[in-house]
Amino acid sequence: MKVAVAGCCHGALDKLYETLELLERRHNVRPELLLCCGDFQAVRNEADLRCMAVPAKYRHMQSFHRYYSGEKKAPVLTVFIGGNHEASNHLQELPYGGWVAPNIYYLGYAGVVRFRGVRIGGISGIFKSHDYRKGHFECPPYNQQTIRSAYHVRNIEVFKLKQLKHPIDIFMSHDWPRSIYHYGNKKQLLKMKSFFRQEVESNTLGSPAASELLQHLKPTYWFSAHLHVKFAAFMQHQANSKEELPKATKFLALDKCLPHRDFLQIIDVEHDPNAGDSLEYDAEWIAVLKATNSLVNVTPSSWNMPEKNGLHAKWDYSVTEEAIKEVLEELNHNLQIPSNFTLTAPCYDPSKPQKHLEPVHTINPQTTEFCAQFGLIDINDRIQQAKEEGPARGEGEEEEEEEMDSTGSAEEPSEYNTDNSGLSSINPDEILLDDEGGEEDLSTCSVDPSPDHPPDFSASFSDIRIMPDSMAVSSDDAMDSTNEEPEKSGVSKQTEEKSLNERPLKRISGGENGNSGGKKIKRRNQAIYTAEDEDTTE
C-alpha cells in the first residue's frame, strides 16, 4: 500500500492535494492514505485564525475552510496530528480524535488507528518541560500563556502510549525525538542548519518525551516535521531480551509545504489485502483509554504519572488480551470509525467577513458520542465543570509555578525521566514560516514529482547504528560537522489581541466557535533559544 507523508502543511491543502494529483499523472502513483505531521491548520473562520499562536502576518485563511464546508472533499483519506501552529480551539474539541472535515481525521492529543491492517499512532503538539506534568486545562478564550500551552505535550498522553504492547507500524510526532540526529547525516544537517550546532552537541535538541516513546514503541516508521528541514535516520534498537527479535526504525523528518520540494514522501507499507478501506479504531488503544480514564486531569497543577516507586498502588495500566477482546465484543467486532463529522462553527465566507467573531468553548458531538460509547471522561465537559466551580488557582500564578517547576516540584518525587520538569530540551515554539535558507537536501532522495526522478524512499536511509540504552551522546559525536558559526538573528515582537472575556461552553450540533490570541515573539532560529522559557515575551 502506498502512503504519502507530508511535513508542516500550514493550511495549504489545495497545493498538497494538487501535488498528489500531479504525482499520479506523471508516475501513475496514487497513495491510498495521506499522513500529515502537524501544523495542519484546520482553520474554519476568523476566530480560529486568532487561536493560532503565530504572528498576525501569518494568519491567512488558506484553503481548509473549503473542505470543512463541503465545497471540496479530500481526494484521499487524510490523517494528521497537531503541531504548534494550529487552530487550537478547533482541535481541542476532539481530544480523543475525530473528523475535522469529511475524509480528514485528527488523531487527538494522542491516538492509534488502523487502516487496511496498518497500525498508525501519533502524538500532537510539542514538548515543553514546564507544562509537561499539567493536565489539559486550557480552553478558549485563550490568554497569552494558554494559547501556547494548549499545544504542549502532557505526560498523561505519553503514559497512555507507553501502555501499548502490540507493534506499531507508523508513528508521527510534530517535533523530533531528542537524539535522533545522531543516527543520520548529522554533518549535512549542521551544514544546512548551522544554528542547531550547540543543541545537537549538548544533546538538547528535540523532545525527550518523543525519544522515550521511540525507545518503547520501536515503530517501523517514525515521521516528524517542525524544524523545516528534511532529515533521514535509521536506528536499530537493542532487544530487551534474548527472545525478542531485533527491531529497527526508519525516521524521516519532512520539510514544510510548498514551495519546498521535500515536504512530501511516498512509502510502500505492507498491509492486509483482506482488510477494508475504512479507517478503524484500534482495540488495544481503546482498552488503554478505558484503563487510564481515572487519570484524566483538567487542572494546571503538576503531577506525576503512576510508577513503581512505592507511592502508587497501581502503576501498570497496560491491558490484557481479555480487555482487548471485551472492546471487540462491545463493537460487535466492527471497528470502523463512524463518519459522523458535524459542523460546530460557522465557515469562512469571503463575501461576509466576520473579523470580530469571538471564541466559544465547544463540546463536539463526535467527542460526546465517543465518550458515551466507551465510558470515557469528556475532557471539555470536565473543564467546563471546573470553570463553573471556580478555578483552584488563578491564571496569574502560572509564572510562579513555572519557576518552581524549573527547580523541581514540591510534589512527590519521580524517577520517570520525562516527568522531571527540570529536564532541559531546546524545542522552539515557532519556526519562521518564510524561506529559511539552505538549498541542499539531507538525503539522496528527491520527492519532487518530476518526470525523470520518481520518488525513492529507500535511498533516504543510511548510517545504521544501534540505539543505546541511554540516548545521551557525547559532544564529540557531533564534531564531524562543519565549523560554520551559528546564524545570528534578532527577535521581533508581534502584539496581538488581548484575551477576550470568558464565555460559557456551548453544546453544538451546528453552531459557532472561536478563540483569541496574545502577544507573540517571532523567533528566527534556535541560536536565540536560550535556557529561559521560550514562551515569555521581552
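**The largest cavity**

The lining of the largest cavity divides into 7 nonpolar, 8 polar and 3 charged residues. Here Ala, Val, Leu, Ile, Met, Phe, Trp, Tyr, Cys and Pro count as nonpolar, Asp, Glu, Lys and Arg as charged, and the others, Gly among them, as polar. This is a predicted model: local features need pLDDT of at least 70, side-chain atom pairs count only at pLDDT 80 or more, and totals for chains, interfaces and linings use all residues. Residues are numbered from 1 along each chain as its sequence is written, and side-chain values use heavy atoms, with hydrogens and water left out.

**More on cavities**

- About 170 Å³ of space lies in this largest cavity.
- Among its 18 lining residues, Tyr 106, Tyr 109, Ser 124, Ala 150 and Tyr 151 are the closest to its centre (lining residues have an atom within 4 Å of a point on a 1 Å grid, where a 1.4 Å probe fits but cannot get out).

**Confidence**

- The protein averages a pLDDT of 79, and 72% of the residues score at least 70; pLDDT is the predictor's confidence in each residue, from 0 to 100.
- Over residues 392-424, pLDDT stays under 50.
- Where pLDDT is low, the predicted coordinates should not be read in detail.

Methods. Contact means heavy atoms within 4.5 Å. On a 1 Å grid over the protein atoms alone, a cavity is a set of points where a 1.4 Å probe fits but cannot get out, and a pocket is an open set with protein on both sides within 12 Å along at least five of seven lines; lining residues have an atom within 4 Å of a point. Grid points are joined across faces, edges and corners, and a volume is the space filled by probe spheres set on the points.
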